[in-house]
Amino acid sequence: MPRTTGRVTMPIQEGIDEQIRELAQALGADAVRNSDGTWLPEIASELVDKVYSTYFPARGDQEWALAHPDTLVNQYLMSARVTAMGPGPLRIDVLEGYFREQFRPCYERVERFWEVIDRTSGEVVPPSGWSVNQATGVLTVAEPAPWHEYTVGFLAEQVWDTTQMYNYITNGWGETDPTRVKERPYDVRKNGVWEYMREALGRWLEQHPEVDVVRFTTFFYHFTIAFNSEGKEKMVDWFGYSASVSPEAIDAFEAEYGYRLRAEDFVDAGYYNSPFRCPTRQFRDWIDFQSRFVAQRAKELVDITHAAGREAMMFLGDNWIGTEPYGPYFPSIGLDAVVGSAGSAATTRLISDIPGVRYTEVRFLPYFFPDVFNHDGGDPVGEANESWLSSRRAIVRRPLDRMGYGGYVSLALEFPEFIERITAICQEFRDIHELSGGELPQDAPFTVGVLNAWGALRTWQTHMVAHALWYKAAYSYVGVVEALAGLPFKVRFLSFEEVLRDGVPPEVGVLVNAGAAGTAFSGGDAWADGRLAELLRQWVAEGHGFIGVGEPSAYEQGGTFLQLSDVLGVDRERQLTLSTDRYPNVVDEHVITADLRAPFDDGEGAGGDVYATGPRTQVLSYVDGTLRVAANAFGRGRAVYFSGLPYSAVNSRTLQRALYWAARREDLLEQWFTSNPDTEVAWYPGHRRFLVTNNSYSQAATTVRGEGRSWELVLEPMGSQWVEVD
């Protein structure tokens, strides 16, 4: 392919005009942007077609923030657990363990918004039983029960904006610029803030005619982050809503919904309603309440932007709470575009599939920050390759419109090999658009449904904690969506509630339920309703497929742990039936495991002791006395069980085979399929060409099969090849 330009946004900053010109030409960039802590140089509009500028509605004017200290954003926190060592008064420093530069207690109506709980008995201590010293932040329980454990759920004020604080600490801003302000956030619901936000945006647009795209970063409420006393991350929940609270919001909620929220509804015994928790009615209502409010207010800011002749783009991160892009209110905001960070194939699909916007854009890693570019052991080229390889799988299936990078370009310019690598990545990204001609590659003739408590609201976002960061206990499950993001399937995320109400959608051929027992992803109490298992048994028996990973349908009831153990042909030993002998039917060869050259890697797995329920279950992987992979027929349908499925090329291929087998479509193994699991193929029937990608760092030989023909190819490390079909 000849070299092309466009579809690329690059970061710029002041003081290096000539180097920026050269870089824009090398990358083929048609847009530039500033970052948190950098400013646009005067030459910005001369370089490219579009100029982006970050805009911070909730922290953009620090003079105003300091002049209005009563508008700080609140966050619900829970104190450390403290044990009463005797009958005397129990004193709890509520901020012990937290970063005091980030938070301070909020003493507004403490009897209403604070809550003391005896965690041993579960009883709430009435306000008459405790008092708080506002000078020290120490709460005293007058007569605690000896040897009982107590916590305080309390409102705090954010005195340092979370993102700016992170950037400040990561980049050493205090050392390089001691005068830099520690920014304070302000809450759109508080007195005078909304009126000021509207006026400030209008004035900013008038003052910055060079800006074509306003990149809202983001709107009003930051996802949950709390730092510890040493200034390190203590708790991170990319979906957390505990920083979207305020006395004003909680009062408004009570007036609308007719019931009162407690501190415990937010701190949740220290779980903070993480996405792994089965969501309560209160938390679901809060999400809906805040999302409607944020969408209404955000739409007004977008309307102001459009009236000024500019585009409105939202960054999917930072202050994104209330703008969940697969929620019912998101399209009403009227955004032109969404940009987000690509940490994996799943997060890339999260962005590329967003409905209700004209275009999507991804920011590849690494961010041009000192933690990578001025850090011993930092590997900018390695991180760029990793980001591209994982994201490319998703981009091939559902291309984003644009790509780019962020941070301080002056740091990146010190690494010419890095610049050379991202130049090649930018061109390969454009080639995918050019040679696909806007056509999506062919998918399997059935849809894969992912079944959990969240459903469509958290599309492509299962088992994530901090936007695709690796977590030991979750990677065995997030590998499922990571694999699906680059496989040839349409994917639909369904909730238990939706399936119970409407049944399984007719286009779905195989359902996947993956997760640990008691989590929102396995289902927890959803399986207590026997109608759910009844419905799914009938659906599978009628000729459909079901895949379970880890502890699917886990709920101890009726003598089984997995409520669909009859469908899956497996159950998990809970140390209750050890007197029962079992003799697994181990099958050495099966279409599902045909690509395995070593024992199946289930990561952390389901904790061991998974067994076949009878001889008709085909055990496909059996290691150290526990079952890792099994296949089972149920009526006219089929089911497959994996004890875990961390992402790897061979595990992704094994899942693809399992989906074909469960759907009774083994014939698809001869239709646009590659022999080497490190490689994947995308077929574009309208253009009569296919794309083969090598997802490994080594040279890969592979055979592509399709339309009764085969092609022998050798791909360079991380390479790709387009082939015309006569």
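User: Where does Thr218 lie?

Analyst: Thr218 belongs to the loop between strand E13 (213-216) and strand E14 (224-227). Strands (E, at least two residues) and helices (H or I, at least four) are DSSP runs, numbered from the N terminus. This is a predicted model, in which local features need pLDDT of at least 70 and side-chain atom pairs count only at pLDDT 80 or more, while totals for chains, interfaces and linings use all residues. Residues are numbered from 1 along each chain as its sequence is written, and side-chain values use heavy atoms, with hydrogens and water left out.

User: What is phi of Arg109?

Analyst: Phi of Arg109 is near 50°, a positive value in a residue other than glycine.

User: How does H8 meet helix H10, and at what angle do the axes cross?

Analyst: Axes are lines fitted to C-alpha atoms, for helices over the stretch in contact, and angles run from 0 to 180 degrees between N-to-C directions. Angles under 35 degrees count as roughly parallel, over 145 as roughly antiparallel, 65 to 115 as roughly perpendicular and the rest as oblique. The axes of H8 and H10 (residues 281-307) come within 11 Å and cross at roughly 105°, so H8 is roughly perpendicular to H10. Contact means heavy atoms within 4.5 Å; here Ala249, Ile250, Ala252, Phe253, Glu256 and Tyr257 of H8 meet Asp285, Trp286, Asp288, Phe289 and Arg292 of H10. By class, there are seven nonpolar, no polar and four charged residues in this contact. Ala, Val, Leu, Ile, Met, Phe, Trp, Tyr, Cys and Pro count as nonpolar, Asp, Glu, Lys and Arg as charged, and the others, Gly among them, as polar.

User: And how do H13 and H15 cross?

Analyst: The axes of H13 (residues 380-397) and H15 (residues 416-436) come within 10 Å and cross at roughly 5°, so these helices are roughly parallel. Among the residues in contact are Trp388 of H13 and Phe429 of H15. The contact of H13 with H15 has eleven nonpolar, one polar and four charged residues.

User: Now a sheet, please. In what order do strands E6, E11 and E10 stand?

Analyst: Two strands pair if DSSP finds at least two bridges between them. The three strands form an open sheet in the order E6-E11-E10, with antiparallel pairing. Strands E6 (90-93) and E10 (130-133) are at the edges with a single partner strand each, so one side of each has no neighbour in the sheet. From one strand to the next, the twist averages 20°. Four bridges join E6 to E11 (residues 138-141), and Leu90 stands opposite Val141 in E11.
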